[in-house]
Amino acid sequence: MKLIGNVTIFTLVLLISACDFRRVVVNKPINPEHVEFINPGLTPLTEVVKELGSPDEVSGASDYLVFRYHFKSAKFFRINFGHIFRIWSPVSPPMSLGNSESGTDIFLVAFDSNWIVLNHGFSYHNDTKNVEFLPF
Amino acid sequence: MKLKNNQSRPISVVSFLLLTYCLIFLQSCAFVRGTMGEEIKDNNIAKLKKGISSRAEVGAWLGAPDEIVQAGGYEIFHYRQYDSKMGYFVFLSRINVGSNNLYVFFDQQGIVQEVIFGERTKELEFQVWPFGD
């Protein structure tokens, strides 16, 4: 009985070590509450920079500027069933199920030629707030 | 190999399993740091004077920019640096990535009109726990 218990624990440990809970955080996430101070037509560029820091990208045309802030906070999960081969084989072939996404969310602010906010908005490219297992 | 008595078998199995658990956990621990781009030094940023510093001086102090953008009637030099810290323990991992960005705005005469600098890499920590906010 003791041996069966040990083997069960051993198998469980192997299974747990075959899992991969991963978190990826890129910059400090910006929420709609963080940008409530922005009033189009009123808020100057300096105030935006003071509150949010410098952007990751600047673009625009001759009469306007666009700031892009990239951020991400995503959770991923993966399990590799091939991990069990590590007991008797030097090679563990990957047999994984998991979920991951690339890309970042973006907060975008446009300024006019006087560096006053014209518009702002979010662009979400990730939906990994919770850990998801199946890739399908 | 012949065992001396029946009691020695369970002990050796337990020892083997304990050793295996230790090996599994020890081989799965890592702390990794990655950086990209040159450090943007505070003393170089302090040299940038609005309305005075020229494009050539900025190039001499900070080097070639990573990107040059034309927008809003300005020529903008963009310097950036990335830093990442990853903590990994068995089946838990977390990677934190941050960036520092410096923008220098030049007018048509090539004189600095605005400097924007944000430092987000100082807040980065080595973390392992992937859950929560």
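Hi everyone, let's begin where the two chains meet: 31 residues of chain B are in contact with 31 residues of chain A. Please keep in mind that this is a predicted model.

Which parts of chain B form that side? Helix 1 (8–26), strand 2 (67–71), strand 3 (74–89), strand 4 (92–106) and strand 5 (112–119) of chain B each give two or more residues to it. Strand 4 of chain B gives the most, with 10 residues. If we sort the side of chain B that touches chain A by class, we get 18 nonpolar, 11 polar and 2 charged residues.

You can pick out individual positions on your screen. A:Arg23 is opposite B:Arg94, and A:Val25 is opposite B:Asn96.

Let's stay with strand 1 of chain A, as it has a partner in its own chain too. There, 8 bridges link strand 1 of chain A with strand 3 of chain A, and this pair runs antiparallel. One position to look at is A:Val26, which faces A:Lys72 in strand 3 of chain A. So is strand 1 of chain A enclosed or open? It is largely enclosed by the rest of the structure, because 6 of its 8 residues are buried.

The largest nonpolar core has 26 residues, and the ones with the most contacts inside it are B:Ile76, B:Tyr103, B:Val104 and B:Phe105. As general background, nonpolar side chains in soluble globular proteins tend to be buried together.

Let me zoom in on B:Tyr103. Setting aside neighbours within four places in sequence, B:Tyr103 is in contact with A:Ser54 and A:Val58 from chain A, and with B:Ile76, B:His78 and B:Ile116 from chain B.

Let's step back and look at chain A as a whole. It has 2 helices and 6 strands, and from the N terminus the order is α-β-α-β-β-β-β-β. Why do we call chain A more spread out than a compact globule? Because its radius of gyration is 23 Å, well over the 14 Å that the globule rule gives for 136 residues. The C-alpha trace of chain A spans about 75 × 25 × 25 Å along its principal axes. Of the 136 residues in chain A, 21% are buried. And among contacts in chain A with a separation of 6 or more, 61% are between residues 24 or more positions apart.

Here is a residue from the helical part: A:Ser17, in helix 1 of chain A, residues 2–17. A:Ser17 counts as partly exposed because it has 18 C-beta neighbours inside 10 Å.

Last, a word on confidence. Chain A has a mean pLDDT of 86, with 93% of its residues at 70 or more. Within chain A, confidence is lowest in helix 1, at a mean of 79, and highest in strand 5, at 95.

Methods
Residues are numbered from 1 along each chain as its sequence is written. Chains are lettered from A and ligands numbered from 1 in the order in which they are written. This is a predicted model: local features need pLDDT of at least 70, side-chain atom pairs count only at pLDDT 80 or more; totals for chains, interfaces and linings use all residues. Two residues are in contact if their C-beta atoms, placed from the backbone, lie within 7 Å. Helices (H or I, at least four residues) and strands (E, at least two) are DSSP runs, numbered from the N terminus. Ala, Val, Leu, Ile, Met, Phe, Trp, Tyr, Cys and Pro count as nonpolar, Asp, Glu, Lys and Arg as charged, and the others, Gly among them, as polar. Two strands pair if DSSP finds at least two bridges between them. The radius of gyration is taken over C-alpha atoms; the globule rule is 2.2 Å times the number of residues to the power 0.38. A residue is buried if 20 or more other C-beta atoms lie within 10 Å of its own, exposed if 12 or fewer, and partly exposed in between; C-beta atoms are placed from the backbone. A nonpolar core is a set of buried Ala, Val, Leu, Ile, Met, Phe, Trp, Tyr and Cys residues joined through C-beta atoms within 7 Å. pLDDT is the predictor's confidence in each residue, from 0 to 100.
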